[in-house]
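Dear colleague,

Please find the structure below, handed over for your own work.

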Amino acid sequence: MLDKRAMLVKTATELFAQGGYTAVGIDRIIADAGIAKMTMYKYFKSKSDLILEVLTQRDLFFRASLMAYVDQQASAPEKIRALFVWHEQWFRRKDFNGCMFINAAAEFHDRKNPAHKISALHKQLIIDYIASLLAETQGARAPRLAAQIGMLLDGAIDAAHIAGNPDAAMQAWEVAQGLLDRA
């Protein structure tokens, strides 16, 4: 059983993913988590602090899951393809509601906003990871190619979420293959 803090974060994560950060109020989170308002404020001084914790935890979970899947592959090309396969599997889940980081950056568009900063950091960490996968085979081209692959993945996330296209990841993979073949 989750402790009250963990229950708050879990509930907030689910609600923010479904309804957005600004649209979901504290009262809804508290009610759905089944805790008292005082308990909420014992752990988080504000809704903004809760949002930051949700994004921090989501980043850790997302990257750990993605890396564990990708790192099972033997070669760099297989690992790059696995990035897209992992995303396709995510897009087909019933709880897929788009990217919490893309959504946070859209809602908190000021780049100085802490939620926007965490979102940008998450995206950069993904690109850095992709660059590390490409470093051996692509050398100095790895950072630029990683950024391009990151854009393809973000585009696939948006296509899956906005247009309801669960095949978007593998369609993006086809484009990524062309980038890798030209390298």
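**The cavity**

The largest cavity is lined by Phe62, His87, His122, Lys123, Ile126, Ile127, Gly150, Leu153, Asp154 and Ile157. Helices H7 and H8 are the elements that give two or more residues to this lining. A helix here is a DSSP run of H or I with at least four residues, numbered from the N terminus.

The model is a predicted one, in which local features need pLDDT of at least 70 and side-chain atom pairs count only at pLDDT 80 or more, while totals for chains, interfaces and linings use all residues. Residues are numbered from 1 along each chain as its sequence is written, and side-chain values use heavy atoms, with hydrogens and water left out.

A cavity is a set of points, on a 1 Å grid over the protein atoms alone, where a 1.4 Å probe fits but cannot get out; lining residues have an atom within 4 Å of a point. By this rule there is 1 cavity of 30 Å³ or more. The space in the largest cavity is about 90 Å³, a volume being the space filled by probe spheres set on the points, which are joined across faces, edges and corners. Its lining divides into 5 nonpolar, 3 polar and 2 charged residues. In this scheme Ala, Val, Leu, Ile, Met, Phe, Trp, Tyr, Cys and Pro are nonpolar, Asp, Glu, Lys and Arg are charged, and the others, Gly among them, are polar.

One of the lining residues, Lys123, lies in helix H7. Lys123 counts as buried because its relative accessibility is 18%, where buried means under 20% relative accessible area, exposed over 50%, and partly exposed in between (1.4 Å probe, protein chains only). Beyond the residues up to four places away in sequence, Lys123 touches Cys99, Phe101, Ile102, Asp154 and Ile157; contact means heavy atoms within 4.5 Å.

The largest pocket holds about 590 Å³ of space. Its lining has 21 residues, of which Thr13, Arg58, Phe61, Arg93 and Asp95 are the closest to its centre. A pocket is an open set of points with protein on both sides within 12 Å along at least five of seven lines. At least two lining residues come from each of helix H1 (4–19), helix H4 (47–70) and helix H5 (76–91). By class, 9 of the lining residues are nonpolar, 7 polar and 5 charged.

H5 is largely enclosed by the rest of the structure, because 12 of its 16 residues are buried. Among them are Trp86, His87, Trp90 and Phe91. The buried residues of H5 pack against H4, helix H7 (114–138), helix H8 (142–162) and helix H9 (168–182).

Asn97 is found in the loop between H5 and helix H6 (100–107). With a relative accessible area of 24%, Asn97 is partly exposed. A polar atom of the Asn97 side chain lies 3.2 Å from the backbone oxygen of Asp95. Leaving aside neighbours within four places in sequence, Asn97 is in contact with Ala17, Gln18, Asn103 and His161.

Leu8 is in helix H1 and is buried, at a relative accessible area of 0%. Not counting residues up to four places away in sequence, Leu8 touches Ile29, Ala33, Ile35, Thr39, Met40, Tyr43, Phe44 and Leu50. The C-alpha atoms of Leu8 and Ile30 are separated by 7.3 Å, although the two are 22 residues apart along the chain.

Thr11 also has its place in H1 and is buried, with a relative accessible area of 6%. A polar atom of its side chain lies 2.8 Å from the backbone oxygen of Met7.

Ala23 is in the loop between H1 and helix H2 (26–33). Ala23 counts as exposed, at 64% relative accessibility. Its C-alpha atom is 34 Å from that of Ala146, which is 123 residues away along the chain.

Yours sincerely

Key
A polar contact is a pair of N or O atoms within 3.5 Å; within protein, one must be able to donate a hydrogen and the other to accept it, and residues adjacent in sequence count only if both atoms are side-chain atoms.
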